[in-house]
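I opened this entry to keep a record of what I looked up, one item after another. The structure comes first, and my notes follow.

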Amino acid sequence: MDKSVNTAKVIFTPSGRRGVFPTGTPLLEAARELGVDIDSVCGGRGLCGRCQVTCSEGDFPKPGIASKHAHLSPFSVTEQKYEARKAPLQPGRRLSCQAAIRGDLLIDVPPDSQLHRQLVRKEAEQRDITLDPVVHLHYVEVREADLHQPESDMSRLLEALGRQWGFTDLSWRHAMLDNLQAALRTGAWSVTVALHQGKEIIAVWPGYKDVAYGLAIDVGSTTIAAHLCDLGTGEVISSDGMMNPQIRFGEDLMSRVSYVMLHPEGAGEMTRAVREGINRLIAQTSTTANISTGDIVSITVAGNPIMHHLLLGISPVELGTAPFALAVDTAVYVEARALDININPGGIVYILPCIAGHVGADTAAVILSEQPQAHDEVSLLIDIGTNAEIVLGNRERLLACSSPTGPAFEGAQISCGQRAAPGAIERVRIDRETLEPRIKIIGSDVWSDDPACAASGKPVTGLCGSGIIEAVAEMYLSGILGSDGVIDGSLADRTDRVVKDGRTFSYILHRGDSAISVTQNDIRQIQLAKAALYAGVKLLMDRMGIVSVDRIRLAGAFGSHIDVKLAMVLGLLPDCPLPQVASVGNAAGTGARIALLNNESREEIESVVRQIEKIETAVEARFQEYFVNAMAIPHKTDGFPNLEKVVMLPSGKSAKPDQAAARRERRRKGKS
Ligand code: FES
């Protein structure tokens, strides 16, 4: 460095990066040189306010500097204009692009000025999202078109981005050309471009623009949920959901595939339906947030394989029959307009990778959210729907499968079953002595034995999935049914709740205009469903050589509503310390949001998915044996020692631990 030039030491926190700079250097420039993480959209023009920093005042003996506000250039006219236009800067804050170095400085970059900031999530135990925007905005001033220098608008834009931002080798999406000429002229040769993954121009707007949006979408077979996020801050600014309009073609996934098998044109109709549904959600969320759909430039989608294929316009027929081959399992990047999705014409849709024919991008999103691969403990992730998607593993190994639980957990195939909606019984308790039930319905805060319940006059309409699980588990705990799932008809002498129903018996849960009973067949359906789920879990545990899991996470709407203790009593879940069992809500939606806001997470999940061992339950020899054993309540052979610490299971009904499996695990541990 030239000795005649005055220099000063500058230290940036929290990164700790430091350097010596000639006085007069703007702080932002010094930060850039040191690789300090500071955001900017306007490129140092004092427009965006993203580059704010604070200067620490005092002597700092460790680094040996005395930092003072006076070591920065005075508050500039540009900063005054910024305050007049936007809002006053917080006390002590400066725009780092405007404040120049005049002496030694200790400069703090607050979290809101960092490009890669942490978004703290409210949910306990869940990791924070690090903002690492997939799309970033850059304001740029482009040379005017000139008769004497006949260069195209695109050439001059690329030249300006290189000169003002240092970008080389940028590519561009064809769709952004729609707006380029008009944007340059309307903006008087100043435009803001959206850069996708730092290498591709996907959108352009006239003049200065400092905010763009993205949408994380979870396409479920029953509902579609969307979260509209500010890509610059990571904030969710609007969320909405709707029933999947494909429901008119069939309630569950397989009936939709069957519809396509019978009506080949049905695939196109369902593709249109889901895309229209997404467009409706885009319109709703942007109206609520009062933004233009043209400002949405990025979408991420999580969905099961059939939803994934239908959204992409691929027939799901191959997924309806063995070998359940996916058309594509890697992540897909596609222009939104190629899917008829109404956002900015150059907006990009990222569809998370699928794992296997029945384990889709929604499960990949759950993994991204729950991170089983980041723990030493063995996690069991279960997403229960018509199929249960199951993931088991830890940082060493991850396995996944899908188990055909059928729609019983969603209230279908249950005599008084219904979807989870107001009026549905969701909670059940049965008095062990009198065998009288107490129930609670969705939409009511009080139990049926509370006088306020009768006064509310809310009708009881049916039994939803969580209600039937609680009902069957409580019937077992009360001795109304045995471990084999058969209702004890002799109890008809003791209570008028147990009644003869043809050749079997039923239990009356609710009397009224519409009596609600649990029939023997209902119990059989629940046994079949829970046995399929448990058998899938056992297969994975078997493959991993373990007899117990350390933590269980239940994803999806159903998982959020079930009582985990009663689910374990029923034998829906394997034994596990109850504090380690938790519902994680719409983890697929959360995973889609992580993929939207963190560019790196996309590579992460793509790599994790490639390494997952896929188990096909249909071809596993032991599935049938595991299934039969799991028909018993809670299980024919497996023990539930953790559960028995908190629940007294009917005597003689709980079985001994699986000795053979225990021996296998001991052998495994002996080897490792
Ligand atoms: S970089 Fe935009 S205001 Fe400083």
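**Confidence**

I began with the confidence of the model, which is a predicted one, and found that the protein chain averages a pLDDT of 89, with 94% of the residues scoring at least 70. I then looked up residues 652–672, where the pLDDT is below 50, and noted that this stretch still has 32 contacts in the model beyond near neighbours in sequence. Where pLDDT is low, the predicted coordinates should not be read in detail, so I left the details of that stretch alone.

Next I turned to strand 19, which covers residues 348–351, and asked which way its side chains point. I found Ile348 and Tyr350 pointing one way and Val349 and Ile351 the other way, and I noted that all of them are buried. In a regular strand the side chains alternate between the two faces of the sheet.

I looked up the partners of strand 19 as well: strand 17 (residues 296–303) runs parallel to strand 19 and is joined to it by four bridges, while strand 18 (residues 332–335) runs antiparallel to strand 19, again with four bridges.

**Helix 8**

For helix 8 (residues 361–370) I asked how many of its residues are buried, and the count is 10 of 10. Among them I wrote down Asp362 and Glu370, as well as Val366, Ile367 and Leu368.

I then followed an open sheet of six strands, whose order is 30-29-20-21-22-31 and whose pairing is mixed. At its edges I found strand 30 (581–583) and strand 31 (613–614), each of which pairs on one side only. Strand 31 pairs with strand 22 (residues 398–403) in the parallel sense over two bridges, and there I saw alanine 400 standing opposite lysine 614.

**Helix 11 against helix 16**

Last, I looked up how helix 11 (residues 520–544) packs with helix 16 (residues 623–630), and found an angle of about 130° with the axes 8 Å apart. The two helices are therefore oblique to each other, and I recorded their crossing as right-handed. Where they meet, the residues of helix 11 include Leu528, Tyr534 and Leu539, and those of helix 16 are Phe623, Tyr626, Phe627 and Ala630.

Notes:
Residues are numbered from 1 along each chain as its sequence is written. This is a predicted model: local features need pLDDT of at least 70, side-chain atom pairs count only at pLDDT 80 or more; totals for chains, interfaces and linings use all residues. Side-chain values use heavy atoms; hydrogens and water are left out. pLDDT is the predictor's confidence in each residue, from 0 to 100. Contact means heavy atoms within 4.5 Å. Buried means under 20% relative accessible area, exposed over 50%, partly exposed in between (1.4 Å probe, protein chains only). Two strands pair if DSSP finds at least two bridges between them. Axes are lines fitted to C-alpha atoms, for helices over the stretch in contact, and angles run from 0 to 180 degrees between N-to-C directions. Angles under 35 degrees count as roughly parallel, over 145 as roughly antiparallel, 65 to 115 as roughly perpendicular and the rest as oblique. A crossing is left-handed if the near helix is turned anticlockwise from the far one by less than a right angle, and right-handed if clockwise.
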